[in-house]
Amino acid sequence: MRNVPYSIKIGPVENAYSNNLGQFVVLRSAALPNVCVGCGGPAWGNMFYKEFEPLIKTSLPVIFLALYFIVGRRYLLAFPFCSTCSPENFRVRVIRINGDFAIFSGAAGKFIQSLPPISPDLSAQTSLNWLQRALKY
Ligand SMILES: [Zn+2]
């Protein structure tokens, strides 16, 4: 398993977008607003660190599972998260993640609203095609 860190910081928004499904998209290097993803209040510069692993179906043959643990990746990300929110308020869920970008759902509405809408170009690049949908990633 290889760790793939994303370099996410808090600052003037860069490389982070909302889509029309109430989700947000971040590129590998992004700056997120100083808005808590849990409650939508000010994050005061606090960040919540979270690891994501692409989901795998445990019904896969053992050989694939073994391969996954050898060559698989674990993504490390940080999100603006205020100190008043408890970790249970962190409801961000990964929709899709790879070495270039990640799509998440479950962030506070105010956080989503503080992001610029995604461009049609980037939206096309990050949307799932039928094969990816079938494979989950
Ligand atoms: Zn909060």
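1. Before the sheet, a word on pairing: two strands count as paired if DSSP finds at least two bridges between them. Keep in mind as well that this is a predicted model. With that settled, there's an open sheet of 3 strands here, in the order β1-β6-β5, and its pairing is mixed. β1 (2–5) and β5 (47–52) sit at the edges with a single partner strand each, so one side of each has no neighbour in the sheet. Going from one strand to the next, the twist averages 25 degrees.

2. A closer look at the β1 side of that sheet. β1 and β6 (residues 73–80) run parallel, and 4 bridges join them. If you want a residue pair to find this spot in the viewer, take Val4, which stands opposite Tyr75 in β6. As background, strands of a sheet pair through backbone hydrogen bonds, either parallel or antiparallel.

3. Now the chain as a whole. Its secondary structure comes to 4 helices and 8 strands. Walking along the sequence, you read β-β-β-β-β-α-β-β-β-α-α-α. The radius of gyration is 15 Å, close to the 14 Å that the globule rule gives for 137 residues, so the chain is as compact as a globular protein of that length. Along its principal axes, the C-alpha trace spans about 45 × 35 × 20 Å.

4. Of the 137 residues, 23% count as buried. Take the contacts between residues at least 6 apart in sequence: 70% of these join residues at least 24 apart.

5. Which residues does Cys82 contact, leaving aside its neighbours within four places in sequence? The list is Cys36, Gly38, Cys39, Gly41, Pro42, Ala43, Trp44 and Asn46. Cys82 itself lies in the loop between β6 and β7 (93–97). It counts as buried because it has 20 C-beta neighbours inside 10 Å, and the cut-off for buried is 20 or more.

6. Ala108 lies in the loop between β8 (101–105) and α2 (109–113). Leaving aside neighbours within four places in sequence, Ala108 is in contact with Cys36, Val37, Gly38, Cys39 and Gly40. Cys36, Gly38 and Cys39 are also among the contacts of Cys82. From Ala108 to Cys39 the C-alpha distance is 5.6 Å, although the two are 69 residues apart in sequence. Is Ala108 buried, exposed or partly exposed? It is partly exposed, with 19 other C-beta atoms within 10 Å; the threshold for buried is 20.

7. Trp44, one of the contacts of Cys82, deserves a backbone check. Phi of Trp44 is near 50 degrees, which is a positive value in a residue other than glycine. Trp44 has its place in the loop between β4 (24–32) and β5. It has 13 C-beta neighbours inside 10 Å and so counts as partly exposed.

8. Asn15 goes on the backbone list too. Asn15 is not a glycine, yet its phi is positive, at about 55 degrees. With 15 C-beta neighbours inside 10 Å, Asn15 counts as partly exposed.

9. Next, helix α1 and what follows. Phe69 is in α1 (residues 62–71). Where does Phe69 fall, buried or exposed? With 10 C-beta neighbours inside 10 Å, Phe69 counts as exposed, since the cut-off for that class is 12 or fewer. Phe69 and Arg2 are 8.8 Å apart C-alpha to C-alpha, with a sequence separation of 67 residues.

10. Last, Gly72, in the loop between α1 and β6. Gly72 touches Met1 and Glu53, not counting residues up to four places away in sequence. It counts as partly exposed, with 13 C-beta neighbours inside 10 Å. Gly72 and Phe111 are 39 residues apart along the chain, and their C-alpha atoms are separated by 30 Å.

How values were computed. Residues numbered from 1 in each chain as written. Predicted model: local features only at pLDDT ≥ 70, side-chain atom pairs only at ≥ 80, totals over all residues. Helix = DSSP H or I, 4+ residues; strand = E, 2+ residues; numbered from the N terminus. Axes fitted to C-alpha atoms, helices over the stretch in contact; angles between N-to-C directions. Contact = placed C-beta atoms within 7 Å. Rg over C-alpha atoms; globule rule 2.2 N^0.38 Å.
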